[in-house]
Amino acid sequence: MAVNDKNAHADEAELDGKQAGAAQTAADPAPGVEPQAAPGPTAPASTTPPGLRAGGWMAPAYAGALLAIFLGERVVPTVEGLRYALSGLGFLTLVLVTALRFATAVRETGERRAVERALAILSALGLVAVAAYFTTTDAGRSLLGVSRAAPDVRARIESATTVGWIALLVIATVPLLFGEAALAPMRRAERIEGRRVRAATLSGVTLAFAAVYSALFVYGASQLELKADFSYYRTARPGDSTKRVAESLTEPLKITAFFPQLNEVGAEVEGYLREVKAASPQVTVEMQDRLLVPALAKEAKVTQDGVVVLSRGTSRETLSIGSDMKAAGAKLKSLDADFQKALLKVIRSQRTAYLTVGHGEMNEAAGAAAAEGRTTKNLRKLLESQNYVVKDLGLAQGLGSEIPKDASVVIVLGPQKEFLPEEVATLKRYADDGGHLLLALDPEAKVDLAPLAGAVGLAWKPEVLANDRVYVRRRFNDSDQAMLVTTRYSSHASVSTLSRHAQQAPTIFPGASSLDKPEGGDLKVDFVVRALGETYADANGNFKFDEGSEKRNAYNLAAAVSKELAPGGGDGKDKKELRAFVVADADAFSDAAFRNEPNIVLALDALRWLGGEESFAGEITTNEDVRIEHTKEKDQVWFWATILVAPAMVLGLGLFITRRGRRASGRRA
């Protein structure tokens with residue numbers, strides 16, 4: 001008995017020792033072994049058996065239901081039986097999937113219940129979006145009475161409903177698919193990572209809201225009558241001048257554009273023509289495919305795509321643009337100028353502009369003068385764009401006896417020789433008889449041009465003007481002070497465009513004299529362009545302001561002279577009026593000065609005023625690239641800079657960095 005008690009006590013002591021050792025081992029783990037954390041409280045496991053958690057089919061079923069509705073409503077809407085079958089099957093599938101999601105959410109517990117409830121709410125939101133879509137169908141509008149509303153009310157309701165159901169569907173579907181994608185690997189697990197599913201769902205919500213916001217922003221922007229085109233082949237928009245020409249129409253004008261369907265160039269031209277049409281109710285625009293309307297194309301004598309035909313009565317003009325974007329890119333940039341040229345040919349007869357010759361005018365320039373840009377090629381093109389035919393006028397053409405009867409305007413451009421008294425008398429008789437003159441005088445010729453100015457009642461002062469504060473740099477010496485810049489324009493019709501945009505439209509006068517009005521005379525004189533107040537008359541030609549002998553003043557640079565000779569009828573057709581536009585610097589109309597767009601506008605508005613078309617005043621828009629021209633000296637500079645200077649700089653920089661690195665390494669050593 002005693003022996004047994006002793007053995008029992010020994011067994012108990014051994015068991016206690018083992019338990020203590022185990023506890024000590026747990027408290028002090030062996031080296032290299034991580035201690036195990038004590039088990040804490042865990043989320044309750046789902047009571048649903050794993051075999052009943054096969055909800056992975058719900059997302060494909062949901063997507064398939066939406067696809068069935070899309071096919072029924074958009075792909076086969078004309079086959080009623082198939083449409084109703086697909087749309088009905090899709091809608092019933094959405095209802096079934098949504099109901100099963102809510103049932104699953106009720107059956108589950110813990111995080112799984114929260115996840116399933118969120119997915120069920122998103123599914124229900126998608127169901128609401130589809131129901132909202134059905135209110136935009138014919139049956140839905142009739143059922144709700146929308147079809148009986150006023151047209152403007154019906155349009156607003158349909159627009160709001162369409163935006164609403166699309167936004168709801170995107171906000172419901174994208175987060176639902178994101179959440180399902182995160183939940184799919186964990187559906188049969190005992191526990192799920194709810195945080196991962198929530199993060200995926202929130203990412204889908206963020207993406208959906210961003211997409212909806214972007215779509216609404218684009219839709220709202222499309223409703224504004226604003227357009228900004230930054231592409232290289234952007235099309236010129238109708239300028240103020242073209243719109244005013246269209247507004248002046250008193251008879252219908254039909255514009256037919258022949259382009260293939262879904263043509264990129266045709267879309268650009270159509271946008272331009274729609275803006276022209278909006279300017280006048282007399283304009284109609286048609287876009288036609290030449291191959292689909294062969295009879296109409298044959299009547300218009302159109303044999304290729306990319307042609308615009310303007311017709312008014314028996315008058316017809318054709319504008320060829322092309323249908324390939326690369327080939328038509330340059331023409332799209334100058335579309336406004338080309339279209340206006342064709343438009344003017346259609347709405348009025350051609351006119352004649354005579355340019356005097358035989359006195360070294362700029363239109364005869366050659367040699368050194370041509371090299372400096374003292375030519376008038378661009379002015380000639382401007383006249384032709386306004387439907388003028390340009391002819392020479394010298395002694396052989398009647399300058400010394402009588403101006404030709406077909407002369408609409410006579411232009412004198414910077415003569416380098418004096419006019420004969422008989423020629424001046426002929427110009428004066430022409431003006432006094434209601435003729436129109438454009439006189440561009442130039443002080444650099446050192447000849448007396450006062451008789452020309454006197455023929456239209458003006459006094460010409462040949463002293464060259466200069467400005468030592470505001471001028472254009474050209475030769476980089478004191479002579480550049482004669483390159484005047486001005487933004488001072490009157491409100492006269494001959495400079496109306498420049499007057500409206502004075503601060504953004506500085507004109508350049510490269511070596512100007514000045515004009516004045518003598519005492520007496522019955523002519524109406526308006527000085528339409530004046531120099532800036534700091535300008536002075538450089539009498540001694542030293543390009544320096546001499547305080548005692550020279551005076552600063554806003555000198556007159558251009559004048560519009562007029563005199564009504566016969567009032568004419570109510571329509572103004574028989575009106576007879578002397579008109580003359582005089583500029584104290586012929587270089588303002590030279591090709592060099594025409595690189596500055598306001599100088600082109602000055603010449604254009606002056607010509608329109610002389611032709612009695614001041615209502616057409618305005619800009620002609622163009623997106624043409626400005627041509628870069630280099631002199632021989634500039635080309636040499638660029639050659640040596642790229643061949644010698646630039647490589648030498650790179651080599652020198654490399655040597656400097658290398659030597660500096662070696663010195664730094666030596667100091668560290």
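Asn387 is not a glycine, yet its phi is positive, at about 65 degrees. Its place is in the loop between α14 (377–385) and β6 (388–393). Helices (H or I, at least four residues) and strands (E, at least two) are DSSP runs, numbered from the N terminus.

Lys446 also has a positive phi without being a glycine, with a value near 60 degrees. This lysine lies in the loop between β8 (436–440) and α16 (450–454). Is Lys446 buried or exposed? With a relative accessible area of 70%, Lys446 is exposed.

A word on how the model was handled. Residues are numbered from 1 along each chain as its sequence is written, and side-chain values use heavy atoms, with hydrogens and water left out. Because this is a predicted model, local features need pLDDT of at least 70 and side-chain atom pairs count only at pLDDT 80 or more, while totals for chains, interfaces and linings use all residues.

Zooming out, the protein chain's secondary structure comes to 19 helices and 18 strands. Of its 669 residues, 41% are buried. Contacts (heavy atoms within 4.5 Å) tell a further part of the story: of those with a separation of 6 or more, 71% are between residues 24 or more positions apart. The chain exposes about 36700 Å², and carbon and sulfur atoms supply 58% of that. Accessible areas come from the Shrake-Rupley method with a 1.4 Å probe; for residues, only the protein chains shown count as cover.

Now for helix α19. Arg663 lies in this helix, which spans residues 632–668, and at 53% relative accessibility Arg663 counts as exposed. Together with Arg659, Arg660, Arg662, Arg667 and Arg668, Arg663 belongs to a patch of positive charge on the surface. Patches are made of residues with over 30% relative accessible area and no salt bridge, joining like charges within 9 Å and nonpolar side chains (Val, Leu, Ile, Met, Phe, Trp, Tyr) within 5 Å. A salt bridge is a side-chain nitrogen of Lys or Arg within 4 Å of a carboxyl oxygen of Asp or Glu. Lys and Arg count as positive and Asp and Glu as negative, with His and the chain ends not counted; the place of a charge is NZ of Lys, CZ of Arg, CG of Asp or CD of Glu.

Leu644 is found in helix α19 too, and counts as exposed at 52% relative accessibility.

Methods. Buried means under 20% relative accessible area, exposed over 50%, partly exposed in between (1.4 Å probe, protein chains only).
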